[in-house]
Amino acid sequence: MSTNKSHFLEACVPGSAVVPDRIQAIRHAFLDRLWIGMLVIALVGAPASVARAYVTGWHPVYAFHLAVGVLVVALFLARRYISYATKLKILLTLFAVIGASGVFTMGLLGSGVWFLIMCSLLTSTFFPLRTGLMVVAASGVAMLLAAFLFTQGILKVPFDANLYMTSLSAWASLLISAAIMPFLVFTAFGVYQATIVDLVREIEQQRDTITELAGKDQLTGLPMAKLTQDRLQMKVHSALRSGARVAVMFVDLNGFKHVNDTWGHDAGDELLRTVAGRLRECVRGEDTVGRVGGDEFVVILGKLNHRDEAIPIAEKLVASICRPVTYAGQSLPCSASIGISIFPEDAADLVTLRRLADRAMYQVKRTGKCGFAFADNSPLSDMGGTGR
């Protein structure tokens, strides 16, 4: 009658077991976007850097930038054949080397600081925080060392700074490094964050579904004991505020074992499903029907003004349940005993409330007939009878 719950949950919540793979796929897509950004910088930034030679004359740093641009294009074209880890390490190394070379060559006139900042940010994203902090510290040390060397006159900008500031190519190179490059990186981060948020939202929805499924009976779809108890608690709290009453009905099928032994477990399952459906049909949408045992059910009625309001519903339940159930051309006998307790008249605590309803149900069961009884009365011995 039962199904392996883990398999059941996986079938109901597709993808619940592959979240790590999804996260890895998101990180791969994020890295690919970063490489696309690097390609744009290489195709536009390297020529812009070399164009500064018309103003400042040729310097080795321009050859370095040109070589890096060619390397980035080659790596981008061959990226399908390079592992994820290798592509990540190369990318971070490029950011670090470009940044350090810019800081030690041009000082504040270059955009090397931006590359060092991006390198620290990306390292913190892909690696543990400790690694990211180490890169941040290394970048800070590099900038402090460059500052010391320039302020002490050990390093000097190899061209006229005033002339350099009048160069359109210099400003274009700065714009690419300080505006376009951060824009591309931050755009990739935005997409990455949005995708992660979507994944988290999906996981939360799956978690809610799993929680709901874990509290539901697989055969009948009714809440099981714990969820039923929670709903009873909620209705009692509501009744305390409003002054209303709550009815707890324990429903136990008569002769269920005989049905299982005579017609088989499939017939028993069909009987339980049918009874569950009949119980739901007899109550209001705001009421609760739960399965708390093999052939035991509980019905919780809230917002009652008087205990007698439970009587017509109990009569309806008895009349509905005690009809034969058709299965494979056979007519299966079906009857039930129902015990009813009322909050707060019969008990003010849930344990006593449930125990009294259970006791009243057994009073009816001892008569061997389909009927119901309140916790403080003798059972009614016939179908559709009432007791007060």
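**Cavity, pocket and packing**

Guide: The largest cavity is lined by 24 residues, with S49, H65, I98, F115 and S177 nearest its centre. A cavity here is a set of points on a 1 Å grid over the protein atoms alone where a 1.4 Å probe fits but cannot get out, and lining residues have an atom within 4 Å of a point. This is a predicted model, where local features need pLDDT of at least 70 and side-chain atom pairs need 80 or more, while totals for chains, interfaces and linings use all residues. Residues are numbered from 1 along each chain as its sequence is written, and side-chain values use heavy atoms, leaving out hydrogens and water.

Visitor: What's the volume of the largest cavity?
Guide: About 320 Å³, counted as the space filled by probe spheres set on the grid points, which are joined across faces, edges and corners.

Visitor: And how does its lining divide by class?
Guide: Into 13 nonpolar, 10 polar and 1 charged. Ala, Val, Leu, Ile, Met, Phe, Trp, Tyr, Cys and Pro count as nonpolar, Asp, Glu, Lys and Arg as charged, and the others, Gly among them, as polar.

Visitor: OK, pockets. Where does the largest share of the largest pocket's lining come from?
Guide: From α7, with 5 residues. The pocket holds about 170 Å³ of space, and its lining includes V113, M143 and F150. A pocket is an open set with protein on both sides within 12 Å along at least five of seven lines.

Visitor: Switching to packing: at what angle do α6 and α7 pack?
Guide: About 165 degrees, with axes 7 Å apart; α7 covers residues 129-151. Axes are lines fitted to C-alpha atoms over the stretch in contact, and angles run from 0 to 180 degrees between N-to-C directions. That makes α6 roughly antiparallel to α7, the word for angles over 145 degrees.

Visitor: Which residues meet there?
Guide: V113, L116, C119, S120, T123 and S124 in α6 meet T131, G132, V135, V136, S139 and M143 in α7, where contact means heavy atoms within 4.5 Å. By class, that's 6 nonpolar, 6 polar and no charged residues.

Methods:
Helices (H or I, at least four residues) and strands (E, at least two) are DSSP runs, numbered from the N terminus. Angles under 35 degrees count as roughly parallel, over 145 as roughly antiparallel, 65 to 115 as roughly perpendicular and the rest as oblique.
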